[in-house]
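I set down each point as I looked it up.

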Amino acid sequence: MSGPLGVAARAQVPPFAVMDILARVAQLRAAGRSVISLCAGEPGGGAPSAVSVAAAALHTAGTPMTYTPALGIAELRAAIAGHYQRWYGLEIDARNVAVTTGSSGAFLLTFLSAFNAGDRVALARPGYPAYKNILRALGVEVVEIDAGPDTRFQPTPVQLDAAVREHGPLAGLMLASPANPTGTMVSREELTALARWCATHSVRLVSDEIYHGITYPGPDAPDPRGVCAWEVDRSAVVISSFSKYWGMTGWRLGWAIVPDELVEVVDALAGNVALCPPAPAQLAAVAAFSEASYAEADAFVAEFSQTRDYLLANVGRLGWEDVAPADGAFYLYAGLGPAMDGFADSAAYCSALLESAGVAVVPGLDFDAVGGRHTVRLSFAAGYDAVQEGLERILAFHDSRAGHLPH
């Protein structure tokens, strides 16, 4: 008699808690509750006007939405290459641009093409959970670097040396700048040092740069939008997306800048995994590189900056601790401090905050299985008004609990 059918061990990855929280937000709103959602990394402004106009014109004209080349249409690949000239002064051949189904598609193609099952890839903890979950599903061993406030939540060559001594040689380093959930960035000097370490140890650097452009530099900052890894290492893979700076989350369009030796492999994998990125999104996204689109996106970044300033000026009122500086992106990552009193972990705190006060934030356990039980991530992508009201609700929630906590 045959036994029950099983589930692949590689599929046993934890769900992303933010998706469950968003589902609960929808339920509460459907029931008539007022909920301030400060959990999703999703800009509220949507796509630039020129992109939406282009999409409407494509559909009105009845433009055929057929398969495209596996790595994207030539016009979009050339436009992305031009973007790197505009922002970083980099000359990039459009051949090295792989358009993907969101940055998630770029991660999958990059990991498949650069690493074998059993390889070791290092990444910072706390960090975006999909990195380690995709790598582990592909049979890659993940080496987590405990990157706390002392290193501004970013890995260092000294920590990588220690990781090699403890775990053995590495095949890759996954870097994010600005990072999710902390928003911290590496400087040109720090990125150069990491790239030099990778070159010395034959380690592939993968640089997640999807939040480039959403940065908050000082007036004399040398690299106001961030430093691209290809400025210091052309063997790196650079990953980016239309989702954040351009606010095009649901369009599911990203890209990878791929070194020469990986281009043909990524092309073949892309054709097998997804055939091609979404044709309508590709055709319309060319308009994201117009002057008007850049201006619209920069205006939203200016609003993010105003919201960030308000949040950093007022977060002390919450009693949260070890607040990350949020150099870029639109997240505030912090320890709960005394606000943890009476709660088993950050997940319990976030659940109570949502149910009682109607404010949704994400528990740090999503990003750090070790220290995340005491931390939360707040997204200020929802805008100034939502953050201001959300902050007042959190304060009222803390006040309401003050009389019920043990002394």
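I began with strand β3 (residues 120-125): five of its six residues are buried, so β3 is largely enclosed by the rest of the structure. Buried here means under 20% relative accessible area, with exposed over 50% and partly exposed in between (1.4 Å probe, protein chains only). Helices (H or I, at least four residues) and strands (E, at least two) are DSSP runs, numbered from the N terminus.

I noted that the model is predicted: local features need pLDDT of at least 70, side-chain atom pairs count only at pLDDT 80 or more, and totals for chains, interfaces and linings use all residues. Residues are numbered from 1 along each chain as its sequence is written, and side-chain values use heavy atoms, leaving out hydrogens and water.

I then looked up the partners of β3. Two strands pair if DSSP finds at least two bridges between them. With strand β4 (residues 141-146), β3 pairs in the parallel sense over six bridges; Leu 123 has Glu 144 of β4 as its bridge partner. Between β3 and β4 the chain passes through helix α5 (residues 129-137), and this β-α-β crossover is right-handed. Right-handed means that, with the strands pointing away from the viewer, the path from the first strand over the helix to the second runs clockwise. Strand β5 (residues 172-176) runs parallel to β3 and is joined to it by three bridges, where Ala 122 has Leu 173 as its partner.

I turned next to an open sheet of three strands, ordered β9-β12-β11 with antiparallel pairing. β9 (331-335) and β11 (362-363) stand at the edges with a single partner strand each, so one side of each is left without a neighbour in the sheet. Five bridges join β9 to the antiparallel strand β12 (residues 375-379), and Tyr 331 has Ser 379 of β12 as its bridge partner.
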